[in-house]
Amino acid sequence: MRILGIESSCDETAVAIVDGTGDNVSLVSSFIRSQIDIHEAYGGVIPEVAAREHLQMMFPMLHKAVAPNGEGIDAIAVTVGPGLAPALRVGVETAKALAYAWGKPLVPVCHLEGHIYAVWITACRVGEGLRPSPTATPQFPALCLIVSGGHTELVLMKGHGEYERLGETVDDAAGEAFDKVAKMMGLGYPGGPKVAELAQGGDRKAFDFPRAMNDNSLNFSFSGLKTSVLYMLRAHEAEMQDVKFRENIAASFEEAVVDVLVKKTRSALLRLPLSPLLERGGAPILTEAPIRSLILAGGVAANLSLRKALEVLAKEMKVSLHLPPFEFSLDNAAMIATAGYFRACEGKFADPLLVKVDPNMDIV
Amino acid sequence: MKYTTHSAEETKALAAELARTLTGGEFVALVGDLGAGKTTFAQGFVSALGSSSRVKSPTFTVMNEYKIDRQGGVSNPAISRIARIVHLDFYRFSDEKELGALELENEKRPDTVILAEWPNIFAKDVFKPDVTVTFKHAEGDTREIEVL
């Protein structure tokens, strides 16, 4: 099946096409607004940031992606939430109109679920050939760690579209913590990657920032860590321009975030049926079968330290690890189309005339 | 009124006290530095108004909505008129023009209380808050909070 995916939940507008056969989904094309030279479409006029910007880029991207009559497309997948209603509406109304006009089925998709499905993009079309992605297809049940600017949660995925939330942040998301620390240190945009870059040269043990929620829960908290870094920076104001100091702060902060994410993931895995040889702790979580895969999802999935630390964890816990390709960690439509493909396989379509945006949508 | 709180719990208790005085339709501005207690305050506030929603930082989501789903632990008949809370965060904004996308005019309703973090990002007085709560860091976990 060939699926057209449309995404406009918040800052990004994106359109993509994927081809799905059985469990394999390969990328045909992907367009992301922030990566397109806007001058090309507008001849030099920069649109102001507003839902209008989504609207203006939607059709130029659709023109590049698909024939005007929708030829070749079997279904349309669109993000209905979570996000900002006016932004979401651009994608949703476009998708509804296309579904209606082309007579194709419409699949509403949750943005968070889209991030999880990024790891199912198993091949990318390069020229005429297919380049396989390094990661294999995840097996169920799978444990998903969703980490982005707006979300940090641990979700048990029992099957396609079947989720149980095991834990989440009680205040700030991990991506947000990175962004705010970047701001505190005067690093530009994008903050998170700049902190990670700075961290590479630093001593991860220079500062012992607090790891919150040191309890049996699978919830996270990053707001105290953020405040801790703020106080440390204020206490060492004289050293703020010293490169070594800055690298150490970044490294120690990143270490604290990754440490917490990995520890909680490890705790979750220990409470799920796994190899009987591993030690247990906390109340067991019931599933019908042992956990086979660990999936990383969301914008922070691009963080190298996190990816490396999870590789080590996955080896220890004997589960397969699935990391999204870098280009599909941030917001994009290919992941939406992929999630849509699996929903389409189950016939989970919606009536285009009735689909509405759901700004507060959650995966569970 | 000026207050000093020594813990997140005390900040939340102060927020609950403020929540009890509202009747619906109010715009509450939360102003203060990173880590000063704005979202913590929002958590106490939302809970006191009778919502079981999980209140997380709206920095990236920009606008969170919480429905009042129980009568709450507060015996104030005025509160039962409030049906929802809209929690905004303008940290990522820089230009007033960006507000258009939010269609905030639709949110100012008698059954809604609006909590906005970082309204001071905007150069001029874009909002006319009914209440402004200002947060300042003091030593350690202590915060100085002023309610106007």
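**Entry 1: terms and model.** Two strands pair if DSSP finds at least two bridges between them, and I take helices (H or I, at least four residues) and strands (E, at least two) as DSSP runs, numbered from the N terminus. I noted that this is a predicted model, in which local features need pLDDT of at least 70 and side-chain atom pairs count only at pLDDT 80 or more, while totals for chains, interfaces and linings use all residues. Residues are numbered from 1 along each chain as its sequence is written, and chains are lettered from A and ligands numbered from 1 in the order in which they are written.

**Entry 2: a sheet in chain A.** I looked up the strand order and found five strands of chain A in an open sheet, β10-β9-β8-β11-β12, with mixed pairing. In chain A, β10 (162-168) and β12 (320-322) each have a single partner strand and stand at the edges, so one side of each is left without a neighbour in the sheet. On average, and with direction ignored, neighbouring strands of this sheet are turned by 20° against each other; for such angles, axes are lines fitted to C-alpha atoms, for helices over the stretch in contact, and angles run from 0 to 180 degrees between N-to-C directions.

**Entry 3: helices on the sheet.** Helix α8 (residues 243-271) of chain A packs on the sheet, where I see it touching β8 (142-147), β9 (152-159) and β10 of chain A, contact being counted when the C-beta atoms of two residues, placed from the backbone, lie within 7 Å. The direction of helix α8(A) makes about 160° with that of β8(A). Helix α9 (residues 304-317) of chain A lies across β11 and β12 of chain A, and α9(A) runs at about 155° to β12(A).

**Entry 4: strand β11(A).** Which strands does β11(A) pair with, and in what sense? Strand β11 (residues 293-297) of chain A pairs with β12(A) in the parallel sense over three bridges, and β8(A) and β11(A) also pair in the parallel sense, over five bridges. For Ile295(A), the bridge partner in β12(A) is His322(A).

Is β11(A) mostly covered or mostly open? I found five of its five residues buried, where a residue is buried if 20 or more other C-beta atoms lie within 10 Å of its own, exposed if 12 or fewer, and partly exposed in between, with C-beta atoms placed from the backbone. In a regular strand the side chains alternate between the two faces of the sheet. In β11(A) both faces are covered, with Ser293(A), Ile295(A) and Ala297(A) buried on one side and Leu294(A) and Leu296(A) buried on the other.

**Entry 5: helix α3(A).** After α3(A) comes Gly103(A), whose phi is positive, near 70°.

**Entry 6: backbone exceptions.** Most residues other than glycine have a negative phi, and most peptide bonds are trans. In chain A I noted a cis peptide bond between Gly81(A) and Pro82(A), with omega about -10°; Pro82(A) is in the loop between β4 (75-81) and α3 of chain A. Another cis peptide bond joins Phe140(A) and Pro141(A), with omega about -5°, and Pro141(A) is in the loop between β7 (129-132) and β8 of chain A.

In chain B, Glu103(B) is not a glycine and yet has a positive phi, near 50°; Glu103(B) lies in the loop between β4 (84-89) and β5 (112-117) of chain B and counts as partly exposed because it has 14 C-beta neighbours inside 10 Å. Trp118(B), in the loop between β5 and β6 (131-137) of chain B, has a positive phi of about 60°, and with 20 C-beta neighbours inside 10 Å Trp118(B) counts as buried.

**Entry 7: a loop residue and the chain contact.** Lys205(A) is in the loop between α6 (191-199) and α7 (223-235) of chain A, and it counts as exposed because it has 10 C-beta neighbours inside 10 Å. From C-alpha to C-alpha, Lys205(A) and Ser223(A) are 20 Å apart in space, and in sequence they are 18 residues apart. Last, I looked up the contact between the chains, which takes 17 residues from chain B and 23 residues from chain A.
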